[in-house]
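Work through the exercises below with the sequence and the 3D view open. Try each task before reading its solution.

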Amino acid sequence: MNIIVCAKQVVDVAEIKVDSSTKKPILVGVPQKISDMDKNALEEAIKIKEKHGGKITILTVGAPDAKERMKELLAMGADEGVLIPPPEHADYHVIAHLLAGAIQKIGSYDIILCGEASIDMFSGQMGPRIAGLLNIPQITYAQQVTVEQNKVIAERNLGEKAIIIESPFPVLITVTKEINQPRLPSLMAILASSSKPIHEWPATGVTAEALVPKLQTLDIKGIPMQRKNIIYQNDLDQSVGKLVDELAKVGVLR
Amino acid sequence: MVLVYSDEKKLTLELLHKASELAKELHKKVIAVAVGHDEHATEYLEHGADLVVVAETSQHQFKAEEYTSILEHIIKEHSIEIVLIGSNKNGKELAGRLAAKLDAGCVMDCTKLYLHDKKLTTERIVYSGNAIAVEQFTSHPQIVTIPSKVFDPLPKNPHQKGEIIKKKFDSEHSPSKIQRVQEMKSEGVNVEDAVIIVSCGRGFKKKEDIKLVSELADVLKGRTVGCSRPIAADLKWLSEDHWIGLSGHKVKPKLYVACGISGQIQHIAGMRDSGVIVAINKDPEALIFKSADYGIVGDLYEILPKLTSAIKEKMG
Ligand SMILES: Cc1cc2nc3c(=O)[nH]c(=O)nc-3n(C[C@H](O)[C@H](O)[C@H](O)COP(=O)(O)OP(=O)(O)OC[C@H]3O[C@@H](n4cnc5c(N)ncnc54)[C@H](O)[C@@H]3O)c2cc1C
Ligand SMILES: Cc1cc2nc3c(=O)[nH]c(=O)nc-3n(C[C@H](O)[C@H](O)[C@H](O)COP(=O)(O)OP(=O)(O)OC[C@H]3O[C@@H](n4cnc5c(N)ncnc54)[C@H](O)[C@@H]3O)c2cc1C
């Protein structure tokens, strides 16, 4: 079974601070990590490999420093990595073509796994885009995946319903955070991973034509959050009394 | 032309409002697409569509591959420039695949949509609720998905004239198939329409204790209980229809009470538009207090019974 896991390096959104004068998020110097659901995707790949054998390749379009994060994924259990630095002007369309182009260059694949969405941009369009470009079936929001000899059966979580879909290979699956609990690599695995290769491919090597973005980012605006921040501490009975008075005053107790 | 599609009727009507506005500014027409059946076609005309295309197909249940190929046909045939798709999970997987097939730009979960310098411009929340990205299309066709409740439907106009065309499509046949559909556990709550919500998080020690929250919700006459992700997704103490946040439901009640919730950015993303926000947390440093109008620092097990009886008394 040849499995490709698409993993994105993202800024750790929990660490973003807002500039108090411009109200814009400060994006420089924020710690980077692998997007949460991409670790779920890898965990699922490892489980499939444990049962059926095969090879797991991590594919990342990202800055050269993403290599450090990719090493964590090799330590978890992936076999090798492919890293492609994006061109200066990139949008969803450009990144999807690079990912799909790289997958075609890798050549043989049965299952491609992605996160349902990245935690920074959270658009959730990469998986369906890649499947569309490769013209293969897609199963999104999978909360459970069972791989058999020549097909996969997965459960799509639609909130009030679950849709159980089966597909032959190759297939692209996007996974939810609930599908599994990603493992933490052992020290042994971390040491052993240093011998696993990460190939760096130039963007020009994976797509035939130059890619032109379809979207232009005009601005990244802050979100004003003006709240009263009246916090009662100390005596609980008094605090409760004051809170109820305030709620009555602002008219929400009717 | 501006095209509108969703597998939910309500969302289609909401999108038709925005589509009519854009079409007017651009001197274009509005097409609504219905796949499989024509039962809502007249209503779509009455709410702003100039034309309804009813796609007749053998694929009755939504499937991304087949539905993408139907929309692709219609978009090419009618030279569609703007495509508005309802932003539920099906809509998003459709929009992404369609964007790839058409080599088009696509903006997901757009909360504002307008023309700026005559170009279609969108706003969407990024960095888990820390910022809004303003993105502008530089080419056609342009695909945008819009969540429910961003726009209201236009009032019904029974005199609006329009055309309904039925057309057969030999859509692409995907090798995947739906085996079956399973109802998931649900308690039938609708947090998105709730006026008052009391929510619980991991500050609760066991499932039974959630009654402290429902008792407060009851006296507030809100009767709606919400929760953070771990309560629904990991502990499964409540069904997913209670789940609020970035990956759950987005709510805007008049009053939101967060009990034992730390206030991580992904939770805030779902409730930041609430009228008044109250937080109860034993940790004075908890992030939730930064997003709250009022807060009480202390043990929720002591505070909630006191708060419930004080409110009961106040409301008489
Ligand atoms: C405000 C803004 C700023 C941006 N800044 C940059 C930037 O600095 N540099 C840049 O290159 N692009 C940038 N982009 C463009 C880029 O469009 C997206 O980051 C990229 O297309 C992925 O979209 P997403 O994060 O929504 O992925 P989603 O569609 O939400 O991701 C779903 C899944 O697809 C896979 N995936 C997504 N992206 C990658 C990736 N890069 N490598 C491997 N797997 C992936 C993962 O499995 C992920 O879980 C920016 C876009 C915006 C709107
Ligand atoms: C991609 C992604 C998407 C996500 N989407 C969502 C989402 O949609 N919704 C969501 O909610 N989360 C979401 N999360 C998870 C989010 O980051 C947090 O982990 C989650 O919101 C924490 O839930 P919590 O506040 O209930 O638990 P915790 O963070 O564990 O907080 C518990 C709080 O209870 C307080 N407490 C404990 N005991 C008491 C007591 N006796 N009295 C009073 N207070 C007490 C503690 O001080 C603490 O602040 C997402 C995460 C990711 C990565």
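A polar contact is a pair of N or O atoms within 3.5 Å; within protein, one must be able to donate a hydrogen and the other to accept it, and residues adjacent in sequence count only if both atoms are side-chain atoms. The model is predicted: local features need pLDDT of at least 70, side-chain atom pairs count only at pLDDT 80 or more, and totals for chains, interfaces and linings use all residues. Residues are numbered from 1 along each chain as its sequence is written, chains are lettered from A and ligands numbered from 1 in the order in which they are written, and side-chain values use heavy atoms, with hydrogens and water left out.

**Exercise 1. Describe how ligand 1 is held between chains A and B.**

Step 1. List the neighbours. A residue is near a molecule if one of its heavy atoms lies within 4 Å of it. There are 27 residues around ligand 1, and A:C6, A:K8, A:D38, A:S118 and A:S123 come nearest.

Step 2. Read the oxygen distances. An oxygen atom of ligand 1 is 2.4 Å from an N or O atom in the side chain of A:D38. Polar backbone atoms also take part: one of A:C6 is 2.7 Å from an oxygen atom of the ligand, and one of A:G124 is 2.7 Å from an oxygen atom of ligand 1.

Step 3. Find the elements. In chain A, β6 (55–61), α3 (92–106) and β8 (111–115) each supply at least two shell residues, as does β8 (131–137) of chain B.

**Exercise 2. Why is the site of ligand 2 shared between chains?**

Step 1. Look at who surrounds it. Residues from chains A and B surround ligand 2, so the site is shared. Of the 29 residues around it, B:R202, B:S228, B:S247, B:S262 and B:Q266 come nearest.

Step 2. Read the polar distances. A nitrogen atom of ligand 2 lies 2.8 Å from a backbone N or O atom of B:I244. An oxygen atom of ligand 2 is 2.7 Å from a side-chain N or O atom of B:Q266. A polar side-chain atom of B:N281 lies 2.7 Å from an oxygen atom of the ligand.

Step 3. Assign the shell. Two or more residues come from each of α1 (36–52) of chain A and α6 (229–234), α7 (265–271) and α8 (300–315) of chain B.

**Exercise 3. How many residues of α4 (126–134) of chain A are buried?**

Step 1. Count them. Eight of its nine residues are buried. Among them are A:M126, A:R129 and A:L134.

Step 2. Look past the end. A:N135 follows α4(A), and its phi is positive, near 55 degrees.

Key: Helices (H or I, at least four residues) and strands (E, at least two) are DSSP runs, numbered from the N terminus. Buried means under 20% relative accessible area, exposed over 50%, partly exposed in between (1.4 Å probe, protein chains only).
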